[in-house]
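This report describes selected features of a structural model, taken element by element. Please consult the sequence and coordinates alongside the text.

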Amino acid sequence: MLKAAVACAALVVLLAGCGSSERSSRPRELTIAVDAPFSRDSYLGTTIENGVRLGSRDTLLTVGGDDYRIRVVRYDNAHSASRAVADVRRAVAQHAAAIVSDGTGIDAAWKIADRAHIPIAIVFDGGTGLVDPAKRPNVFRIAPTDHGIAFRFAEYLIPKKLKVAFLTDDTGYGREGRAALDHAFSENASSVAARIQAPSTATDLAPQVLQARRSGATALLVWGQPSTIAEALIAARSSGWNVPVYAPPSAEDPLLRQELAGHPKWLDGLVFASGRMTAEEGPAPFMAFQSAYEQRFGAQQVGVRSGAGRPVVQPPDYAMYPYDFTHLLVAAIQSGKSTDPAKVLAALNEVSVEGANGDSRGFNRINHEGVVDDDVYFARFRGMTYAPVKDDALSATLPVIPQER
Amino acid sequence: MGSQRGLAVLVVGALLLVPAAAAAGTITLLSPSARTSTPPPLVGKRITGLAPQETRFPGRLRNVERIAVGIDRSGAPLGVVVTQRLTISRPGDFAFLVPAPATKVVAAPGSQAEPGLRDLGIVWQGFASGRRVLAATVTLAPAAAAVLPLRVSVERRSGSVAVRLENVTRGRFTVVTGSVAPAAVRGFLARLRREGTTTVVSSELALPGRATGHAVIGVTAPLRVRGTIAVPGRSPVGVSAVLGAGHPTTRTFVLPGRALPALDLQAEPLGPLEILPGPHEPVSSLAGLQQVLGSVALAWQYHHFLDSPDPSGPSTASYVYRTVERSPLAAVAGRSSGGGDTLTIVLVAVLGVAALVGGAILWAHL
């Protein structure tokens with residue numbers, strides 16, 4: 001009985017290899033699964049999904065005589081690692097061509113996708129260790145890394161002779177940021193006045209901000225969720241401490257500006273680090289991308305008004321990354337001339353595309369980071385909008401992206 | 001900017017190889033930065049089927065290469081590792097690929113960026129806020145040894161050991177034949193000596209003269225070789241020789257005794273100013289001038305064992321040959337393709353038989 005079953009299975013395998021050479025009339029589907037915290041951070045989840053949708057719009061791939069179009073499926077991980085693992089299992093069951101994730105739960109989920117040779121693209125979380133081509137060959141990232149942001153902060157702040165207090169929250173994002181900052185400033189310990197952790201659920205950070213002030217800090221670097229940055233600013237400014245405040249890319253989240261809408265002056269001067277939106281050739285590529293994005297999904301309204309009283313919109317910079325990855329995936333399929341996951345995975349190491357910001361975007365066999373550390377720039381808020389700073393070599397070369405409508 | 005300049009140089013080089021004189025009464029000279037169709041520079045493991053890589057860099061790039069060649073006691077290459085240092089001197093974005101049949105790449109000490117690796121070669125990308133050093137240590141596939149400029153062979157003879165150093169650089173160019181006025185030749189050479197050979201534009205390569213046809217010339221890139229040949233119990237024998245440029249392209253050093261020596265040699269292609277005849281050295285003919293220009297061009301190629309995205313930028317390469325002891329693993333890895341194939345066939349056969357036997361046993365127990 002068992003022998004018969006084995007023989008039948010072998011026959012099925014043999015017959016499966018003898019497919020029809022006729023070209024199917026309807027395009028087949030290639031699924032890209034988007035796993036993001038839609039219910040917990042709607043802005044981030046929607047931005048990622050929209051980036052993938054924009055990157056795959058009108059894409060009709062012809063591979064091996066078959067036509068394919070891309071289908072986007074969304075899963076809500078709600079910032080929960082266990083939900084992210086379940087989502088990845090579902091994506092694998094659906095034979096997804098790729099999984100695009102904010103980064104939640106990847107430490108636990110990457111192996112599940114790796115067994116099926118499915119690439120995972122992280123497009124927000126910059127945590128060190130998430131990406132390792134040797135150990136996690138299927139994990140890629142297009143987003144500024146915590147390592148890059150922290151080292152750029154060290155490069156930017158240490159020459160200013162500031163005494164910096166690190167205020168990080170207890171989320172994974174905050175803890176990863178703290179580790180990256182500790183590493184980046186390890187050679188200049190005297191530049192660090194204090195290292196303080198705050199609960200992400202706190203609605204008043206006055207004690208932590210007071211601790212920072214008493215440490216003799218002349219600058220505050222807040223690495224955490226947008227609400228943490230908002231609470232830190234409220235605590236500092238309401239107590240009359242006009243200390244310069246620095247923050248990671250989460251400061252771009254409209255939530256921060258919404259929380260400070262009643263005190264827009266408190267936001268003025270906040271400097272945050274992020275991936276640059278424009279390359280050397282100027283703003284035209286990003287503006288074209290932004291225009292296409294807004295045409296399809298509408299402008300990302302922040303919900304506040306600028307100093308001139310006009311509505312503020314958020315440039316879709318974090319949509320660039322899933323958009324670029326989608327293009328890289330298509331390029332890899334075309335280069336490998338196959339939708340076979342293993343071949344696509346290998347080809348992802350060999351292809352480049354022009355990114356939404358005009359920069360060349362791609363991975364290679366020993367580096368799966370799509371945003372190099374050099375591309376981290378600094379921007380300063382003024383009147384609820386932000387502009388690149390002038391006292392940093394890269395940032396000084398960058399144009400201001402309009403944010404008023 | 002840089003990519004346009006690079007493209008312009010290549011186009012100029014290609015145009016100069018077109019077998020036609022520029023106009024009646026003029027002779028088109030070989031460009032001193034023309035390239036033969038064969039390496040160096042090296043090419044990647046794959047050269048087709050992939051989209052071209054963007055090439056962008058600010059200003060000029062300085063390229064310095066050290067090619068470390070491990071040789072066994074017979075002089076045969078066991079491995080080639082290149083350390084390439086590219087220096088950017090102006091602020092701006094950079095993104096380019098250095099073609100290489102690389103099996104491994106790591107950032108070299110002092111590098112201010114991390115290199116990447118693809119089938120096509122080494123990739124660099126980032127932003128330079130000013131001067132920036134991009135340095136990589138690259139382990140090359142064994143086939144790269146075939147492109148080395150110096151062949152070393154060590155063999156025992158009766159009561160002695162002969163160490164033979166041979167300049168194996170060879171290049172062929174198609175050039176215009178005919179005659180030119182001696183004064184024009186002198187003026188042309190003086191300008192090259194004064195202004196350098198890498199920035200010559202095509203209009204400067206047209207001299208008044210009478211073209212008679214075309215010829216294919218063979219040239220070598222002169223090498224300066226320095227170092228030591230050491231035998232246990234004896235003082236090391238110093239080596240200082242130029243191979244080519246009017247000197248023999250082969251030198252043999254004979255050492256008494258039977259012990260195979262350890263070699264530590266450095267070979268450098270001569271620079272253009274060392275190859276070009278001096279102000280008081282007459283060049284008797286157009287053919288002689290084209291030959292000199294061919295040598296300069298070929299030497300310039302060997303100064304780019306790994307290419308630079310700025311082929312006109314300053315570049316130097318030194319090839320360091322050192323005797324290394326062959327480990328058992330290296331012996332297998334360094335074996336010729338025939339030997340490697342044999343090993344593979346034996347392994348596959350053994351594994352195949354084992355799989356068949358295992359399958360039969362499994363089937364019997366089902």
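## Conventions

Helices (H or I, at least four residues) and strands (E, at least two) are DSSP runs numbered from the N terminus. The model is predicted: local features need pLDDT of at least 70 and side-chain atom pairs count only at pLDDT 80 or more, whereas totals for chains, interfaces and linings use all residues. Residues are numbered from 1 along each chain as its sequence is written, while chains are lettered from A and ligands numbered from 1 in the order in which they are written.

Chain B contains six helices and 17 strands. Of its 366 residues, 38% count as buried, a class that requires 20 or more other C-beta atoms, placed from the backbone, within 10 Å of the residue's own. Two residues are in contact if their C-beta atoms, placed from the backbone, lie within 7 Å. Among the contacts in chain B between residues at least 6 apart in sequence, 77% join residues at least 24 apart.

V147(B) is located in the loop between β8 (132-140) and β9 (150-157) of chain B. V147(B) is buried because 21 other C-beta atoms lie within 10 Å. Apart from neighbours within four places in sequence, V147(B) is in contact with P39(B), P40(B) and L42(B). V147(B) and Y302(B), 155 residues apart in sequence, have C-alpha atoms 9.3 Å apart in space.

## Helix α2 of chain B

Helix α2 of chain B (residues 182-195) has 14 residues. From first to last C-alpha α2(B) reaches 20 Å, close to the expected 20 Å, which is 1.5 Å times one less than the number of residues. G196(B) follows α2(B) and has a positive phi, near 90 degrees.

## Helix pair in chain A

The axes (lines fitted to C-alpha atoms over the stretch in contact) of α3 (residues 81-93) and α4 (residues 106-115) of chain A come within 8 Å and cross at roughly 10 degrees. The angle runs from 0 to 180 degrees between N-to-C directions. α3(A) is therefore roughly parallel to α4(A), the class for angles under 35 degrees.

On α3(A), the contact is made by A81(A), A84(A), V85(A), V88(A), R89(A) and V92(A); on α4(A), by A108(A), A109(A), I112(A) and A113(A). By class, this contact has nine nonpolar, no polar and one charged residues. Ala, Val, Leu, Ile, Met, Phe, Trp, Tyr, Cys and Pro count as nonpolar, Asp, Glu, Lys and Arg as charged, and the others, Gly among them, as polar.

Methods. Buried ≥ 20, exposed ≤ 12 C-beta atoms within 10 Å, placed from the backbone. Parallel < 35°, antiparallel > 145°, perpendicular 65-115°, else oblique.
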